[in-house]
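This report goes through a few local features of one structure. Please keep the sequence and the 3D view at hand while reading.

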Amino acid sequence: MLYVACEGESTEPDYLQYLNEQFGNGDGQDRQPFRIQPVYRRNGLTPSEVVEEASKAAGEDEAWALFDRDEWDDIARAVRNAAESGVELAFSHPSFDLWLLLHFQTFGGAQSGSSKLVIEKLRHAKGADAFKDYDKRGDKSVKGPRRDALRGREGNAVAHARRLVASCPHGFCKPGRATLAPGRENTMPPSHAEWAARSGHASDCPVLHRDPSTDMWRLIVRLGIVKP
């Protein structure tokens with residue numbers, strides 16, 4: 001059981017339910033069954049609230065926090081609180097929409113918190129016809145045909161997200177250094193920089209400078225959906 005708190009009230013919970021339905025029963029071989037309990041609130045949560053809600057809901061169980069860069073000003077606090085409480089991070093810069101796009105194609109170039117280009121690319125990506133009206137009239141759901149379009153592309157998304165770590169402008173970020181097992185390695189809380197480096201980014205690579213990037217690939221590998 002994993003408790004995954006989300007900044008948004010639609011896209012991310014829909015995607016997590018898709019993971020439950022598509023992969024939650026395991027494969028009878030290496031991938032073990034799992035159950036994700038999405039945690040969210042109507043009208044959304046700030047990044048620091050995401051971490052707080054994840055920790056509160058999970059108790060002693062595994063907790064993850066999904067939040068975006070957007071224009072939030074409390075991300076540093078969210079990362080610090082996550083390190084102190086042991087909540088795993090799935091941070092996306094500029095937004096979770098990037099993770100959806102990476103199922104269909106690569107992407108690069110700093111976006112400074114704006115998802116405009118990411119969404120435009122997603123609407124026109126090859127194989128992503130179901131997303132042609134994504135974020136039009138407020139529809140950012142991930143259901144029905146959109147889930148069908150994502151299915152089977154998880155390996156591509158992970159590979160593309162790892163490539164973004166390797167190409168981070170910092171120069172010393174390497175996806176091979178990522179920590180894939182959940183939880184702390186000892187009882188002492190790590191520094192917030194060490195905790196944020198679990199995605200393979202260097203510990204001195206500021207989170208807000210990881211543009212573009214998404215840590216969602218770690219969750220997919222953690223669940224055994226894609227092998228590292």
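## Terms and model

Helices (H or I, at least four residues) and strands (E, at least two) are DSSP runs, numbered from the N terminus. The model is predicted: local features need pLDDT of at least 70, side-chain atom pairs count only at pLDDT 80 or more, and totals for chains, interfaces and linings use all residues. Residues are numbered from 1 along each chain as its sequence is written, and side-chain values use heavy atoms, with hydrogens and water left out.

## Around Y40

Y40 sits in the loop between β2 (36-39) and α2 (47-58). With a relative accessibility of 46%, Y40 counts as partly exposed (buried means under 20% relative accessible area, exposed over 50%, partly exposed in between; 1.4 Å probe, protein chains only).

Beyond its neighbours within four places in sequence, Y40 is in contact (heavy atoms within 4.5 Å) with C6, G8, E9, P13 and L45. The C-alpha atoms of Y40 and G8 are 6.9 Å apart, although 32 residues separate the two in sequence.

## Helix α1

P13 is one of the buried residues of α1. Because 10 of the 13 residues of α1 are buried, the helix is largely enclosed by the rest of the structure.

## Backbone exceptions

Most residues other than glycine have a negative phi, and most peptide bonds are trans. D70, between β3 (62-68) and α3 (75-85), has a positive phi near 40 degrees. For D135, in the loop between α5 (116-124) and α6 (145-150), phi is near 65 degrees.

Cis peptide bonds join H93 to P94, with omega about 15 degrees, and D211 to P212, with omega about 0 degrees.
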